[in-house]
Amino acid sequence: MSLHKHHPQHDAIVLDPAFDGGVGSIPKHRLPRGTQDADAAQRFVRDELMLDGNARQNLATFVTTWMEPQAAALMQESLEKNIIDKDEYPQSAEIERRCVNILANLWNAPAPTGGADAVGCSTTGSSEAAMLAGMALKWRWRARREAAGLDTAKPNLVMGANVQVCWEKFARYWDVEARLVPLDGATHLTAAQAAAACDENTIGVVAVLGSTFDGSYEPVAEMAAALDELQSRTGLDVPLHVDAASGGFVAPFLDPELVWDFRLDRVKSINSSGHKYGLVYPGVGWVLWRSTEDLPKDLIFSVDYLGGSMPTFALNFSRPAAQVIAQYYVLVRYGFDGYRRIQQRSRDIAGAIADGVGRLGPFTLLSRGDELPVLAFKLTAPDGWSVYDLSHELRSFGWIVPAYPMPEGMADVDVLRVVVRNGFTFDLAESLLVDMGKCVDRLSGAAKRAVAFHH
Ligand SMILES: *Cc1c(COP(=O)(O)O)cnc(C)c1O
C-alpha cells in the first residue's frame, strides 16, 4: 500500500548529495535500472532499518532478540546451507537429528525401539509445526473413521479461545472446524471444558503451555485425565497435542515436577519455538510425535541422502540451516544448567516487575510471571484512562508494551503484557518501572485536571 498514491515524486528516495556516495535516487517500489555501489546500497538499506524499534526495549515479543556473538558467527558461516539438501550438507542433517533426539529426551518421549531416532523435525517456527501436527491429527482421525465406515466430512479441533492465531490458521487452511471454547472463569481452557467440547468428529485437543495472553500454563495433565475419563465413558479416544511454543523450553528446566509432556500417554505430539525460549534468532521451531504411529506415513516424503533416502515432513522445501545449527550450538553451550539459570533469571525478573506493578497501585495482576516469565495486568478501577493510554505513554520512553482485550469469555477485560526474555536485565526492569510510574502519574494528573475542568 502506498501512502503517496497521488504523488509519484515520493516514490523515489533522494539522498542528500553530501551523504549519498553516488547512489542518487533509488526508486522504492520498482527495480532500479542501474547498479549501485555496494557500500552505498548497504548504507541505504541500513538507514531504512534504523527506523525499526529497539529490540531490547520490545517487551511485546516472545522471540529471541539477543544471542552470543559465537552463535551469530556460526550462523554467518552457514548462511549458504539449505536444510533440505541432506545429501550436500549431511552434517547439518545430523545436527537436526541430534536436536530432535535431545528434545525428545527433554520432553520424556518413550525411547524408540532398536535405538532408532525420535520422531520429529525442525520447522520455521511453531506455526509451521502446528500445521504439521494438526495435519497428522486430521489424517489419523480420518483413517480411523474410514476404517470404521464412518463419515469424515466434519472434523473439528478443540481448543481454548486463547490459542495463538496459528491454530485458527491451521483450521481454516486445512478445512477443520476451529472449536474455540470461550474462557469461563480461568484465563485459559480448563480440563472440563476441553472434554465437554469433544465429539466423534474431534481430531484432537490443543493444550497450550503457556498462553500468549498471560503466560499461564493450561492444565495439561488434568486435560489428559479428563480425556481418559471421556474415553472410558463414551469410547471416544481423543489425542492431545501440546502447543509448548514457549513452555517447551521453560517447564523442563524450571518446573521439572510438572507433568505436561510425553509422560502423559494421551500427549501424541508437541511443538515448540526454538526462536522463543529456545534462545535462537527467528526462524526455527520443532515438532515431535510420541511414536511413528502418531505420524501417518502418507504425509512423509523422502529426499536424497548419502546415496539413500531420508524421510522429511515440512511445508517448505528450501529453508536455511543456520537456525538449526544455532539451536544446536545453544543446546551444547548452555546445557541443562545454563538453560535453567537463564530461564530462572527471566522468571525472577518477571516476578520483580509484577511486584513493582502491584506497588504502583492502580493495577490487578492476571499473572505474575511464575509460569512463563510473562505478566499481564489490568486496571483495577477506571480512572479516566485506559491500558491503551498507558501503552501509548510508555512508547514515549521507548518501551513497547502491548495492550489488548482478553479473548472471548473475558473480552471485557483489557490488559497490558510484559514478556521477559534473555537479555532483559534487572536494571532495565527498574527503568521500566520508574518510567511506568511517571506515565501513571501523568495520565492520572491529566484525568484529574479534565474532571476539575468539566466541573
Ligand atoms: C508464538 C506462538 C505460536 C506461533 O509460533 P511462531 O514460532 O511464532 O510461528 C504458537 N503458539 C503459541 C502458544 C505461541 O506462543
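Analyst: Let's start with Glu-200, which is partly exposed at 44% relative accessible area (buried is under 20%, exposed over 50% and partly exposed in between, with a 1.4 Å probe and protein chains only). Keep in mind that this is a predicted model, where local features need pLDDT of at least 70, side-chain atom pairs count only at pLDDT 80 or more, and totals for chains, interfaces and linings use all residues. Residues are numbered from 1 along each chain as its sequence is written, and side-chain values use heavy atoms, leaving out hydrogens and water.

Glu-200 pairs with Arg-145 in a salt bridge, with 3.3 Å between the closest N and O atoms (the rule wants a side-chain nitrogen of Lys or Arg within 4 Å of a carboxyl oxygen of Asp or Glu). Arg-145 sits in helix α5 and Glu-200 in the loop between α7 (191-196) and β6 (202-208), so the bridge ties together parts 55 residues apart in sequence. Helices (H or I, at least four residues) and strands (E, at least two) are DSSP runs, numbered from the N terminus.

Arg-140 bridges to Asp-294 at 3.1 Å. That links helix α5 (residues 126-147) to the loop between β9 (285-289) and β10 (301-305), 154 residues away. Here Arg-140 is partly exposed at 27%, while Asp-294 is buried at 7%.

Glu-96 and Lys-86 come within 3.0 Å in their salt bridge, and both are buried. Elsewhere, shared partners join Glu-94, Arg-97, Arg-98 and Asp-117 into one network. The whole structure has 19 salt bridges.
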